Structures are given as structure tokens and as C-alpha cells.
Amino acid sequence: MSAVHAQRHNTLMEDPYPTRLATAPERRWLPRQEKTLRGPEEGPLTREQREEFRRKGFVFIPDFLDEVELEDYQRELEALLERDDYRDQDFTITEPSSNDIRSIFAMHFLSEKFGQLAQSPKLVKSVEQLIGEDVYVMQGRINYKPGFEGKGFDWHSDFETWHAEDGMPRMNAVSASIVLTDNHEFNGPLMLIPGSHEKFVPCIGETPENNYKSSLKKQEAGVPSREALAELVAEHGIEAPKGRAGGLLLFDCNTLHGSNANMSPDARSNIFFVFNQRDNALDAPFAASRHRPDFLAHTPDGRWRDLAL
């Protein structure tokens, strides 16, 4: 057994969040082991906003960007989406049925403007109020769901994927989604199950080799069972935070979420950063044979090796 496989084997023996199982587990979900709130009270977020995040696993902050900032980032997003040399790259994901760009990963390395946003004190301090200080950007991406054409995404927990395929040990990460277009009920807004962050749902099925190549277009491995989802929705319901462009959605890494197709003429786009604590840095994958590429999961002090700026 190689050193990497030995490390993975030892980690699996102690894993509080086993997933990608061969058979259905006895329990549909496992209790969360980590506190949801670990950061200081003082900062951009109010006490009520922190409490909402603790209780629901997410909070929406309207008007995080002012009008000037919003227009600036909208132009930057359009400039990246128009880059033909990005269209067939590994870090760019297209729609399953077309060559339209769906996501651009590691855009904070591609764009100086988005790189500065990832480090902005207003954003970083908000995140630190939730998961504690000493954070880094583990992943950055642009999500674009074009009008009429944008497909949905199955229910999932990001932590389940990051734990299984990237080796994230604990639930000490938060996603920050800044909406660049108005989010309404018809253009495929993100849907979340409030309170689901307190329950880890093990998934069935071994991780396929190079799973990321298909899962980023349509996720199949790492999708909770319908029975588990029905049970959680019956208990907690579903919410879809909606609001005008410039708002910020912060959600816990384990909050179950998904989205419908965009049936409207209005595109839906957002800037997306994952903040992780440095002491929760990625280790050997818990349920995959190898790490996913760097553009999907960064190390605390590393740069994206495949890009020379």
C-alpha cells in the first residue's frame, strides 16, 4: 500500500462523515460535529444576520455592492465570458447541451479585479464572523445561467464533494455568492433547505475516475437519496433567496442546495468564492482515488499552477 493510500485508509477509519458508500447506510443522515458559528461578533454582519446563518445555514445580505461596483463587476464578467481562448479550457465548464459557458473557475487568478474582490475587507471580515479568522480562498468561480438555456443543478452538499474528492476534513468553510443579475423565481435561483447544514447526508455510489469532468455539468455521484431529501424538506422546507443584483448570499458548506433551469429570458450570473480556514486545509481525498485539479481546490498558500499571469 502506498503512503498516499495508507494515509487515506487511516483517515477513512476515523472519518465522521463517511460517504460514496456501496450500500445504503442505516441512518439517512449523521449529526454535524462542528459549530456553525465560530467567529467574532464584531464586523459587517449584524447579530441578527449571524443568528440567521446559525439557524438556517445561510443568510442573504442585500446591496452588498453599490451601483458603481456592480456595473464594474458586470463588465468584467462579460469580458471573461467573451474570451474565446477560455472556451475549451479545463477550467471552463460549458452547458451540457451547448458550448455556452456555464462556469469559469479560478477567475480570481484570471482577473485582477475579481482577485481584489476576493481579498476585500468587507467580504473577508463578513466570512470571518461566521467561521473564524485566518481564512483563505479555496475556490473561486463565475456561474452563468443564460436565459432559456441555463440548466439546473441537482441537490447536493458542497462539503460532501469537497470531503470526498478534495479531502476537506471538517465543516469549517463558507460560500460567498455575489449576485450580478436580479434573482427572481423564474430565472433558476439557488434553492436551499434551511437547517440542513446540521445534518450530513451520506451518498451512495463510488466516485468515478475524473468525476469532475462530468459532475460540473451534471452531478450524479454525491447526490443525496430522494428519501433523505424528502425527509429533510418535510422537516425544514425549501427557500430561494431572491433579490436584486448586488446582494450577497453566504451559506454554510454543508447546506443542501440546488437550482432549477432558467425558463425566463433573463440571465442569472454570480461571482462565487469559497472561504476555508487554514487549519482545515485539504488532505487526502476521503472517497476518491486522487485529488481534483488545482483550479477546483486551492491550497492555503499555493497558486494555481496551471496559469502563468
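Modeller: A polar contact is a pair of N or O atoms within 3.5 Å; within protein, one of them must be able to donate a hydrogen and the other to accept it. Please bear in mind that this is a predicted model. Here the side chain of H156 reaches the backbone oxygen of D154 at 2.8 Å.

Biologist: Where is H156 placed, and is H156 buried or exposed?

Modeller: H156 belongs to strand 6, residues 153–156. Buried means under 20% relative accessible area; H156, at 6%, is therefore buried.

Biologist: What is the strand order of the open sheet?

Modeller: Its seven strands follow the order 2-10-7-12-5-4-3, and the pairing is antiparallel. Strand 2 (58–61) and strand 3 (92–94) are at the edges; each has a single partner strand, so one side of each lacks a neighbour in the sheet. From one strand to the next, the twist averages 15°.

Biologist: Which helix packs on the sheet?

Modeller: Helix 6 (residues 121–131) does, touching strand 5 (135–145), strand 7 (173–179), strand 10 and strand 12 (268–277). The direction of helix 6 makes about 55° with that of strand 12.

Biologist: How should I read the two faces of a strand?

Modeller: In a regular strand, side chains alternate between the two faces of the sheet. In strand 7, A173, S175, S177 and V179 lie on one side, with V174, A176 and I178 on the other, and all are buried. Both faces of strand 7 are thus covered, and seven of its seven residues are buried.

Biologist: How many bridges join strand 7 to strand 12, and how many pair strand 7 with strand 10?

Modeller: Strand 7 and strand 12 run antiparallel and are joined by seven bridges, with S175 opposite V274 in strand 12. Five bridges pair strand 7 with strand 10, again in the antiparallel sense; there, A176 has L250 as its bridge partner. Strand 10 (residues 248–252) also pairs with strand 2, antiparallel over four bridges, and F58 has F251 of strand 10 as its bridge partner.

Biologist: Which residues touch the most other members of the largest nonpolar core?

Modeller: A nonpolar core joins buried residues through side-chain atoms within 4.5 Å. The largest has 45 residues, of which I104, F114, I271, F273 and F275 touch the most other members. Leaving aside residues up to four places away in sequence, the contacts of I104 include L80, F91, L110 and I142. Another core, of 19 residues, lies apart from the largest one, and W162, M168, F200 and L249 are among its members.

Note on methods:
Residues numbered from 1 in each chain as written. Predicted model: local features only at pLDDT ≥ 70, side-chain atom pairs only at ≥ 80, totals over all residues. Heavy atoms only, no water. Pairing = 2+ DSSP bridges. Helix = DSSP H or I, 4+ residues; strand = E, 2+ residues; numbered from the N terminus. Axes fitted to C-alpha atoms, helices over the stretch in contact; angles between N-to-C directions. Contact = heavy atoms within 4.5 Å. Buried < 20%, exposed > 50% of the residue type's maximum accessible area, 1.4 Å probe, protein only.
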